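Hi everyone, thanks for coming. Let's look at one structure together, and please have the picture in view as I talk.

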Amino acid sequence: TAEAAADAPWKLALGELAKPKEAAGRKVVIASVAPAVRVAIAESFGLAPGTTTPQQLVEALKLLGFDHVYDTLFAADLTIMEEGTELIHRLKEHLAQHPDHEEPLPMFTSCCPGWIGMMEKSYPDLIPYVSSCKSPQMMMGTVVKTYLADKKGLDPKDICMVSIMPCVRKQGEADRPWFEHTEGVRDVDHVITTAELGNILKERNINLPELAGVEFDHPLGDGSGGAVLFGTTGGVMEAALRTAYEVITGKPMERLNFTEVRGVDGIKEAAVTLTPAPGSELAELLKAKCEAKAEAKAGPIAWKGDACDNSINLRIAVANGLGNAKKLITKMQAGEAAYDFVEVMACPTGCVGGGGQPRSTDKQVTQKRQAALYNLDEKSTIRRSHENPAVQKLYEEYFDAPNSHKAHEMLHTHYVAGGVENE
Ligand code: SF4
């Protein structure tokens, strides 16, 4: 309806931008740009994916009137810190509770609202297995209206937070009732999709490919190569492994490109051997597990197969598209597959194939967008989330440590069996 169209989130965001900057009541309007947007926006100008730069996009958003443009990559790195720590915590608890057998955890990722909506409606029993981490969009909204507001001396009610997303489910996510700073002050106010932004830029004669480009604003404008990968299937898994591997083993992962979870297959599986750093809590738990196993199997002959190597065989799976997720869950429920960490993205090939991306007649377009993201990761000077200095600073100044009490209160969420109304 005309009324609904007037309330379209992109119109509300433009309405705020239309107010003169110095006018009383004009909010500080902030944008945060998701990974998959930066490679697909070029298509709105008839160009191939990835042929305009993220910096050109930042300049275009500034020309539209945004006061600050931040990078959702920052929040993706923050998500990895929280989710990686949660995985390690779950591994420890699991080892302590089940020292004598190989039960899978598993932990599911939580950053895709399409998956969360289906899980709540069709698989509410899985709720305890889903990471409690907010998505990068929602972590960014929280950080902007708390940490950033404090730093800049702004009242959160005077900030209008706009996410630029490849996704038609992100506004619904932002509108979940509990994602608010204080009554009436939402963490994320409006979501604009890639395709909508392309139309707005063209209508305003902002010719993205011709812009020189400017850098993202700080302190929420830095992101790692791992964070870039959030925009494609397997990316959250790959970024999480880069960090979890190093935190658990005390050594950097030898190869950064985890090809087993790359590409466009509907379901991908792999296993990673993690040998916890000597003396760490995980190493001690594994030692206890080995001793319990040896005791249980003690007999006259010691079999080589009983040898315990003090390592974790982390079984991982990645599903993209809800049909593939259902297939995977059915196999897991039937006991035909066992995993410890599972990534699910609702759209084919992940967010690069999101419903808010520009329409394309090119059948290979999502693979091209994916390749452009892999390229941005390769070009990044920092490729692991835990090495992002701005995220390290946020912990030093505000959250103390990943999964701290404060981080838990502010960066984690909950789910609702049966789903959320009107989503
Ligand atoms: Fe949104 Fe699709 Fe990405 Fe899920 S996979 S967050 S539904 S664009």
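Which strands does helix H2 lie across? Helix H2, residues 9-18, lies across E1, strand E4 (159-165) and E7, and runs at about 110° to E7. Helices (H or I, at least four residues) and strands (E, at least two) are DSSP runs, numbered from the N terminus. Angles run from 0 to 180 degrees between N-to-C directions, with axes as lines fitted to C-alpha atoms, for helices over the stretch in contact. Contact puts two C-beta atoms, placed from the backbone, within 7 Å.

A quick word on the source: this is a predicted model, where local features need pLDDT of at least 70, side-chain atom pairs count only at pLDDT 80 or more, and totals for chains, interfaces and linings use all residues. Residues are numbered from 1 along each chain as its sequence is written.

Now the sheet. Four strands form an open, parallel sheet in the order E2-E1-E4-E7; strands pair if DSSP finds at least two bridges between them. At the edges sit strand E2 (68-71) and strand E7 (190-193), each pairing on one side only. From one strand to the next, the twist averages 25°.

Let's zoom in on E1, residues 28-33. E1 and E2 pair in the parallel sense over four bridges, and Val33 stands opposite Asp71 in E2. What is Ile30 in contact with, leaving aside its neighbours within four places in sequence? Its partners include Phe66, Tyr70, Val144 and Val162.

Finally, back to helices: H9, residues 194-203, lies across E4 and E7, at about 80° to E7.
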